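Reader: Hi! Could you take me on a close look at the spot where the ligand sits, and then point out anything else worth a glance?

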Amino acid sequence: MKKIQMVDLQTQYEALRPEIDQNIQNVIQSARFINGPDVKSLQQELADYLDVKHVITCGNGTDALQISLMALGLKPGDEVITADFTFAATVEVIGLLNLKPVLVDVHPDTFNIDVEQVKKAITPKTKAIIPVHLFGQAADIEPLLQIAEEHNLYIVEDNAQAIGSDYRFSDGRIAKTGTMGTIGTTSFFPSKNLGCYGDGGAIFTNDDHLAHRLRGIVNHGMYKRYYHDEIGVNSRLDSIQAAVLRTKLPLLDRYNDTRRQAADVYDRLFGDCEQVALPYRDPKSTHVFHQYTLRIKNGKRDALAEHLKEKGIPFGIYYPVPLHLQKAYFQDSFVHENYPVTNMLVEEVISLPMHTELELEQQEYIAGGVRKFLL
Ligand SMILES: *Cc1c(COP(=O)(O)O)cnc(C)c1O
């Protein structure tokens, strides 16, 4: 059996090696390392794939969030609502811009931001909501868009974990995650569903005016060369990364199918195991399984983790600490008891190896290791 890894990027590369190597070589020979033709083509190809008007690439997914909030012109003290159970980047950029993070609990099935909690958290100072499409499944965007409309709020979708996922509206309309809010962001970190070979990110919008501002902010606030109209940042996707992503983008749907099939296999292997809750599949969204995350319901998650470590079976705990308890982001308004679902999830979740190269034999070995401990 091949060595089991959380993410197997080597084997994925082997299948693409000639094309990737050639495309990287082409960039080096052209010496157009920054904003070369591959960057422009990638932006267009991503816009076509997602069916969104504008794609602005940038340095990473965290920058994408920060630049989005800058482009919306939010002022210090403005309140931004996001989920308590997610990767820290989302709340970090809110703090970095001196905005006020308002954390709300998540839904126990989807682990995504709880719409009812969002409603309760809105105040006259609320300016934006950042739903995260966590682990590859869309947050419930339709009611959030309604709330945003009623209260005149922006929606920034953090789509770092769900690129390629579809969301179905109640009228049957289908849209890609990241394209439904005011702005969407993603990350091309190597282990993401669409990953490059270093850091990378992108921002999506259908709004022409915002697209113009975003393009200025990523480039030192320059709208005309050497005329700086506002304080921006320097955040670029380099051409080599764009060349890698252009090779992988046409495979994204197939990659996501492969992840879903691997998830089906895990579901089957754990189907009769009462101690675990399988990942919920929201009928409104196609799950692209950035993570395959079980809940261990018998209180033995940490003991299971120890057991897997001893057996050499990789796993991840995403995420072990709720954002409301992180020192860096603490606000007096965060009350531990207000986050019962997140508080439960941080004790119960465990993510198993999930990538495009998983083999049945590996999954059986992983599931066998988990089951042997639990049963
Ligand atoms: C990975 C990730 C980010 C940050 O992306 P980077 O490219 O690592 O900066 C932001 N939000 C979520 C939900 C992520 O998973």
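Author: Let's start with a term. A pocket here is an open set of grid points, found over the protein atoms alone, with protein on both sides within 12 Å along at least five of seven lines. A molecule sits in a pocket if more than half of its atoms lie within 2 Å of the pocket's grid points. In this predicted model, the ligand sits in the largest pocket.

So who is around it? The ligand is surrounded by 13 residues, and the closest are G61, T62, D158, S187 and K192. Sorted by class, that shell holds seven polar, four nonpolar and two charged residues.

Now zoom in on some individual contacts. T62 places a polar side-chain atom 2.5 Å from an oxygen atom of the ligand. D158 pairs up with a nitrogen instead, as a polar side-chain atom of D158 lies 2.7 Å from a nitrogen atom of the ligand. How much of the ligand's accessible area does the protein cover? On its own the ligand has 380 Å² of accessible area, and the protein covers 91% of that.

Let's step away from the ligand and look at some rings. Searching the whole structure turns up 13 aromatic pairs. Take F135 and Y319: their ring centres are 6.3 Å apart and their planes meet at 20°, under the 30 degrees cut-off, so this pair counts as stacked. F135 is in the loop between β4 (126–130) and α6 (141–151), while Y319 is in the loop between α10 (301–311) and α11 (340–348), so the pair ties together parts 184 residues apart in sequence.

Stay with Y319 for a moment, and check the backbone. The peptide bond from Y318 to Y319 is cis, with omega near 5°. One more backbone detail belongs to A31, a residue other than glycine with a positive phi, near 60°. You'll find A31 in the loop between α1 (9–30) and α2 (37–50).

Note on methods
Residues numbered from 1 in each chain as written. Predicted model: local features only at pLDDT ≥ 70, side-chain atom pairs only at ≥ 80, totals over all residues. Heavy atoms only, no water. Near = heavy atom within 4 Å. Polar contact = N/O pair within 3.5 Å; in protein donor to acceptor, adjacent residues only side chain to side chain. Areas by Shrake-Rupley, 256 points an atom, 1.4 Å probe, with all protein chains shown as cover. 1 Å grid on protein atoms, 1.4 Å probe; cavity = no way out; pocket = protein on both sides within 12 Å on 5 of 7 lines; lining within 4 Å. Nonpolar A, V, L, I, M, F, W, Y, C, P; charged D, E, K, R; others polar. Phe/Tyr/Trp six-rings, centres within 6.5 Å; stacked < 30°, edge-to-face > 60°. Helix = DSSP H or I, 4+ residues; strand = E, 2+ residues; numbered from the N terminus.
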